[in-house]
Amino acid sequence: MTQRFIEIQSTDELAAFFGLDYKRLAAALYRTDASHRYHEFRIPKRSGGARTIHAPNRRIKALQRRLAGELDALYVPPPCVYGFVNGRGIRKNADVHAGRTFVFNVDLKEFFPSIHFGRVRGVFEKAPFHFTREVATVLAQLCCHQNGLPQGAPTSPVISNWICRGMDRELMALAKSSLATYTRYADDLTFSFTCSYRRLPGALVDVRGRKAETGDALQKIIENHRFKVNTDKVRLAGKSTRMEVTGLTVNEFPNVQRKYVRQVRSMLYAWREHGLPDAEREFNEKYDRGHRPSGRPKSFTAVVAGKLAYLLDVRGAENPTYNRLAAEYNRLVGEQGDHLPLAPPGPLERDLMGLQAMRKGKAHAKQYENIVESLLTQLLSPSLENPQNQVRINGGRKIVDITLDNHATSGFFHYIALNYNAPHIIVECKNYSGDPANPELDQLVGRFAQNRGRVGILVCRSFGSAAKKKRFLERCRDTANAGNGFVIALDDTDMALLVEERLRYGEKQSYRLLMERFKALVM
């Protein structure tokens with residue numbers, strides 16, 4: 001159909017393409033009152049405020065969908081465009097910028113409304129369409145509302161990509177000359193860098209003031225293409241802060257924010273503890289403020305399934321967090337609904353699930369110790385090898401739960417072996433129902449010696465709260481500052497993060513969490 005679309009030369013042929021005569025097409029576009037062509041409503045933004053949506057009526061939407069299909073088929077996306085393109089998306093857009101030293105986010109202000117009728121008509125008058133002024137005018141009328149692209153019309157996303165072709169070419173060239181990477185997802189422009197802060201290219205990012213701003217060359221290109229920068233959403237982030245691209249963190253790899261996982265976990269908890277009807281009612285009454293044309297409440301199961309599907313897309317089928325939450329969803333939905341896909345758990349996932357399911361207390365201390373040894377052996381190999389349990393020291397008067405020999409030749413464990421006396425790593429396991437405190441810390445420090453080393457790991461179930469965890473980590477720092485050795489404290493949540501990193505990177509993992517904990521001890 002694409003060739004037939006391009007060959008349209010008159011408004012009658014255009015109407016015939018849509019399966020109408022021109023009189024009926026004109027009536028739909030020109031003789032129907034604007035208030036009947038579009039339904040206006042507002043939805044809350046995650047960042048605050050509200051977004052105005054103009055949803056076309058059924059007849060206009062059908063015409064727009066037909067046109068959008070043709071425009072999608074003809075649009076050849078450059079490598080920088082990830083929004084509204086089949087086979088690309090939020091995850092792949094974030095992937096491009098993962099692991100960089102700096103990410104620079106720029107948002108275009110009033111993106112869709114700023115693409116006015118004349119600009120849209122101009123697209124249809126130029127290559128590859130070359131439509132007559134009359135045909136281009138009718139198509140622009142179909143795509144526009146209130147002299148701009150309406151947010152809510154099927155044609156607006158692809159039209160915006162057509163409009164941005166020239167800007168994308170120029171920004172790719174500017175990024176290349178600045179040794180940066182550029183992508184665009186709708187109105188979100190992202191540049192990432194591998195250089196130091198002092199070498200950030202001034203053409204792209206101006207860091208002379210207290211807040212990073214768009215560089216002169218970048219600002220000029222954006223303005224030349226008749227867009228404006230939303231200065232409130234310009235942000236430069238480095239590795240020491242949370243770097244985000246289209247809502248995903250990219251410090252190491254694309255990932256959802258932790259609050260997203262907590263929200264899904266809370267929804268599953270409400271479903272499990274209070275039942276589906278009550279959970280659905282509370283969700284619709286308290287948390288869902290979105291517009292629903294049907295007036296019917298949202299399906300709670302559909303919302304949870306959608307959130308888990310997004311988590312699957314971002315983290316992958318092997319992710320233990322996704323599999324754990326998806327398994328809970330499948331159990332709750334039972335035989336009445338569709339189940340989410342699950343990956344068969346590997347040894348790491350099985351051990352992690354066993355750890356998280358294990359009851360606390362002395363009665364299960366040995367079992368806990370065994371599963372911690374299995375997890376650490378898999379997580380820390382090949383840097384740490386030869387695990388040994390219940391090693392007697394000091395003439396048999398003391399027992400070390402686990403010791404691991406430090407065989408690292410590079411990376412984090414090699415660094416601490418060279419600089420902080422760590423030929424072995426000593427591990428103490430605490431399967432307590434309460435929080436660890438000074439006695440547990442002193443017990444591990446008492447196992448340190450010149451021949452065994454002065455670096456250890458204390459593994460516990462939980463610190464009780466974020467505040468208590470912070471205080472315990474401060475005690476570990478005080479112990480290091482007093483010259484008594486270096487203790488890296490980990491709980492179940494930390495173990496899950498280490499497993500996730502291992503599953504994603506294999507033996508190439510950087511042990512970022514361990515490095516951050518150790519850095520806090522020595523800084």
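Guide: What follows is a walk through the labels, with the cut-off behind each one.

Visitor: What kind of model is this, and how are residues numbered?

Guide: This is a predicted model, in which local features need pLDDT of at least 70, side-chain atom pairs count only at pLDDT 80 or more, and totals for chains, interfaces and linings use all residues. Residues are numbered from 1 along each chain as its sequence is written, and side-chain values use heavy atoms, with hydrogens and water left out.

Visitor: How many helices and strands are there, and what makes a run count as one?

Guide: The protein chain has 22 helices and 15 strands. Each is a DSSP run, numbered from the N terminus: helices are H or I with at least four residues, strands are E with at least two.

Visitor: What share of the protein chain counts as buried?

Guide: Of its 523 residues, 48% do. Buried means under 20% relative accessible area, exposed means over 50%, and partly exposed lies in between (1.4 Å probe, protein chains only). The C-alpha atoms fill a box of roughly 100 × 55 × 40 Å along the principal axes.

Visitor: Why is Q146 called exposed?

Guide: Because its relative accessible area is 60%, and the label exposed asks for over 50%. Q146 sits in the loop between α8 and α9.

Visitor: Which residues does Q146 touch, leaving out those up to four places away in sequence?

Guide: Q146 touches E40 and H54, where contact means heavy atoms within 4.5 Å.

Visitor: Why does D405 count as buried?

Guide: D405 has 13% relative accessibility, and buried means under 20%, so the label applies. D405 is placed in strand β12 (residues 398–406). Neighbours within four places aside, D405 is in contact with S383, L384, E385, N386, P423 and H424.

Visitor: Which other residue has a positive phi although it is not a glycine?

Guide: R226, with a phi of about 60°. R226 is in the loop between α11 (216–224) and β8 (235–238). With a relative accessible area of 54%, R226 is exposed.

Visitor: Which peptide bonds are cis?

Guide: Among them are the bond from A127 to P128, with omega near 5°, and the bond from S381 to P382, with omega near 5°. P128 lies in the loop between α7 and α8, while P382 lies in the loop between α17 (365–380) and β11 (384–393).

Visitor: Which residues of helix α7 are buried, and what do they pack against?

Guide: In helix α7 (residues 117–125) the buried residues are F117, R119, V120, G122, V123 and F124. They pack against α5 (58–74), α8 (133–143) and α9 (156–163).

Visitor: How do you know that K469 and D491 form a salt bridge?

Guide: Their side chains meet at 3.3 Å, N to O. A salt bridge is a side-chain nitrogen of Lys or Arg within 4 Å of a carboxyl oxygen of Asp or Glu, so the pair qualifies. K469 lies in helix α20 (residues 466–481) and D491 in the loop between β15 (486–490) and α21 (492–505), so the pair ties together parts that are 22 residues apart in sequence. Both K469 and D491 are buried.

Visitor: How many salt bridges does a search of the whole structure find?

Guide: The search finds 19. One of them joins E273 and R272, with the closest N and O atoms 3.5 Å apart. E273 is partly exposed at 44% relative accessible area, and R272 is partly exposed at 38%.

Visitor: Where do R447 and E428 lie?

Guide: The side chains of R447 and E428 meet in a salt bridge (4.0 Å, N to O). R447 lies in the loop between α19 (438–445) and β14 (455–460), and E428 in strand β13 (residues 424–430), so the pair ties together parts that are 19 residues apart in sequence. R447 and E428 are both buried.
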